[in-house]
Amino acid sequence: MSEAVKTIPKNARVVIIGGGVSGCSVAYHLTKLGWTDVVLLERKQLTSGTTWHAAGLIGQLRSSKNATRLAKYSADLYMNLEAETGVATGMRATGSLTVALTDARMEEITRQAEMASVFDVEARPISPEEAKEFYPYLNIGDVKGAVYLPADGQSDPANVAMALAKGARMGGAQIFEGVKVDDVVIEDDKVTGVTWSADGDGGESGHIACDMIVNCGGMWARDLAVKSGVSLPLQACEHFYIVTEQIPDMSRLPVLRVPEECAYYKEDAGKILLGAFEPKSKPWAVDGIPEDFCFDQLPDDFDHFEPILAAAVERMPILETAGIHTFFNGPESFTPDDRHYLGQAPGVEGYWVAAGYNSIGIVSSGGAGMALAQWMDTGKPPYDLWEYDVRRVQPFQRNKAYLKERVSETLGLLYDDHFPYRQYTTSRGVRRSPLHHQLLAQGAVMSETAGWERPGWFANEGQEREYRYSWGPQNWFENARAEHMAVRTNVAVMDLSSFGKVKVMGKDALSFLNRVCANEMDNHVGTLTYTQMLNEAGGIECDLTVARLMKDEFMLTLPAATVQRDLDWLRTHVAADEHVAIIDMTAAEAVIAVMGPNSRDLLHAACRHDFSNEAFPFGAVQEVEVGMGLARAHRVSYVGELGWELYCSADQAGHIYEHICEIGKEFDLKPIGMHVIDACRIEKGFRHFGHDISEEDHIVDAGLAFAAPKTKTGYIGEAAVKARRESGAQNRLIQVLAKDPSVMFYHNEPIYRDGQQVGYLTSGNYGHYLGGSVGMGYIPCAGEAPADIVKSKFEVLVNGTMAEVTASLKPLYDATHSRMKV
């Protein structure tokens, strides 16, 4: 047995699997929190997977506030690591330049620059001529403009990882190379250790007992996770770049991105690295990464890269005479949604993840390691990281055929236009409502959420059934107007079958739900309760409704995208002595919603039941006969109108929908899609988890304290709710309506109050009934009376123009909720 292997400990607090930049960062940050019993095992050599050949670009502006915070943290960390460890990271602030070749791209990057100011990142739109000053070799003949970020930069990826590794060792971590983790040992759904084998001919192997592991396995992470029953959908793709010979007299240059040409340029020591994120990528090693992979390159494919190079020579004519020093092809891991994975895997206590970086692992790993270390140390992330949370994964997504097709698209999406409502085109049709084909026959144009095919909008007869994207009104704008007005003035039907349905039952179901939910759950059988599940800080972990079906049986309705997260939250909060069963019923039941002022009349005609306000009040749950089927009707609404959601077994859904649509002909019933549902809920001021509310947003600040009665005690977050009620809201979620009907809100647009930037829109859509774009967003208001807030002048910055808005703390549509309760 080798001397190195002899020193591998028998016990550790945590074993980190993988010695790329991600694993080294997690180890470094755990030691910074005082963890000394940290072991990192690397199958070959540090950085030998994908870290060593990364481009090392450090772009700080990401798509959300917290993602940007992580990237900024990485940049600051890498600047200071050399002073701490003595290992140079090559980090320097060169600035970056993104140029636009179309008006649509110019609007996109202008909106991004406006968003940057909200996230405390310096970014400014500049003219083509100014871009030329920053990058003298640039052909600006067809350039519309650019955005410059002076604090962006570049680094040496391998040295960043080595600096983190040295810092981890300085903090007491033990790092072993040439040691492969063969399996994670799990007992009673908890990590208890790992088994390992040493690289080489010695055949050494062993076991480390530990309470936690962190899967930082990069390309290998998926297949290792599957052994433990953990879904970690990622797939390696080929990633190409060239490095030129040294170009005489070339000065230092910012990083350059030309998204329409799928290209990025990095100057280093007078050479140019030209890399690509081409529209259709090449997945590699779908059935598993070769066992002996170590600092390897993949075979050249110049034909694949040639279109990128041809465009680059036009963009930078100096490349025409520059020799090619290196043609490189190496693998990078990509995920189905171009976002990496962080957090504890659902269902296995102690199984943590930091993997799947989508070719931006260097800029991501510093912040990701910090965030994950804090999460492991305290049991909660430092701020809302839902966009990266591994609990967003749907189990089916680990299917290799699905991944192969999807990642062929997601690599290219990094540089494609990021239009609102953009839909994936690959790996579609996996999860379908029982009504799928009936909806298609009605003209449904499908969107996708959590793998579910859901109508985004409905096309008219003879109309193209495709999304045509833009930053202005898209090709379905008038369709949405008609759908919207049907909800507001008549009656509409919608398929909500993708909603999560979770049954909680057992003799302790009531006491359990009363502990995890802020609202009172001890209500009559046949009633519906709107509530939140909170964390100890009063932040919102889940936004849901709960129907009491029997004394010890409840049905929870959850957002489609958060079902796995919510199931995990519920299951991890069941006490050992509680008799509670939690059953995912999502696929077993369809949900057909009938909404609008004429919904009662239609349902009276379609059902043998009394839907009057006296017999069926708001918040009631009753069984009804629909055609020849049975449904459980919930009187509730997410669009702000009179209406009912009909829950029925999946086998009866087709008949019930068919019956409602047949009866609906005399009422001019209109099917509507998810985009209009979203627009209606924003008009009504209803919150959406992941946009307007999150684990970081306090229930009082979100304006939802009415769902946490002052008389209720004993629920998670109670103390934080009481304290915030006494101190007053620190922020308020306001609603804004654009006065100019041509303005388009989406999200992240900066909010200005009396000329000062104070926040940004968390949600935005077009409110066809109110006659303009509607949005919501938080503004600071500590110590202010609500009436004083709305006296101010509010504006929203949209594509270089200040849009005047009407602001309100109450819903701009039906503030008294009378329409739902009529």
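Isoleucine 17 has asparagine 215 as its bridge partner in β12. Strand β1 (residues 14-17) and strand β12 (residues 212-215) run parallel and are joined by four bridges. Strands here are DSSP runs of E with at least two residues, helices are runs of H or I with at least four residues, and both are numbered from the N terminus. Two strands pair if DSSP finds at least two bridges between them.

A word on the source. This is a predicted model, in which local features need pLDDT of at least 70 and side-chain atom pairs count only at pLDDT 80 or more, while totals for chains, interfaces and linings use all residues. Residues are numbered from 1 along each chain as its sequence is written, and side-chain values use heavy atoms, with hydrogens and water left out.

Back to the sheet. β1 and β12 belong to an open sheet of six strands, ordered β8-β2-β1-β12-β19-β18, with mixed pairing. β8 (174-177) and β18 (341-344) are the edge strands, and each pairs on one side only. From one strand to the next, the twist averages 15°. Strands of a sheet pair through backbone hydrogen bonds, either parallel or antiparallel.

Another open sheet has eight strands. Their order is β5-β6-β4-β14-β15-β16-β13-β17, and the pairing is again mixed. Which strands stand at the edges? They are β5 (124-126) and β17 (324-334); each has a single partner strand, so one side of each lacks a neighbour in the sheet. Direction ignored, neighbouring strands of this sheet are turned by 25° against each other on average.

Look inside this sheet. Strand β4 (residues 96-100) pairs with strand β6 (residues 145-149) in the antiparallel sense, over five bridges. Threonine 98 stands opposite valine 147 in β6. Helix α4 (residues 103-118) lies across β4, β5 and β6, and runs at about 25° to β6. Contact means heavy atoms within 4.5 Å. Axes are lines fitted to C-alpha atoms, for helices over the stretch in contact, and angles run from 0 to 180 degrees between N-to-C directions.

The loop between α4 and β5 holds phenylalanine 119, while tyrosine 760 sits in strand β36 (residues 756-767), 641 residues apart. The structure holds 30 aromatic pairs. Rings of Phe, Tyr and Trp (its six-membered ring) pair if their centres lie within 6.5 Å; planes under 30 degrees apart count as stacked, over 60 as edge-to-face and the rest as tilted.

Now the helix pairs. Two packed helices are described by the angle between their axes and the distance between the axes. The axes of helix α3 (residues 65-85) and helix α9 (residues 361-378) come within 7 Å and cross at roughly 100°. α3 and α9 are therefore roughly perpendicular to each other (under 35 degrees counts as roughly parallel, over 145 as roughly antiparallel, 65 to 115 as roughly perpendicular and the rest as oblique). Among the contact residues are Leu70 and Tyr73 of α3 and Ile362 and Met370 of α9. The contact of α3 with α9 has nine nonpolar, five polar and no charged residues. Ala, Val, Leu, Ile, Met, Phe, Trp, Tyr, Cys and Pro count as nonpolar, Asp, Glu, Lys and Arg as charged, and the others, Gly among them, as polar.

Helix α12 (residues 477-489) and helix α17 (residues 674-683) have axes that come within 9 Å and cross at roughly 55°. That makes α12 oblique to α17. The contact includes Glu483 and Arg488 of α12 and Glu683 of α17. By class, the contact of α12 with α17 has five nonpolar, one polar and three charged residues.
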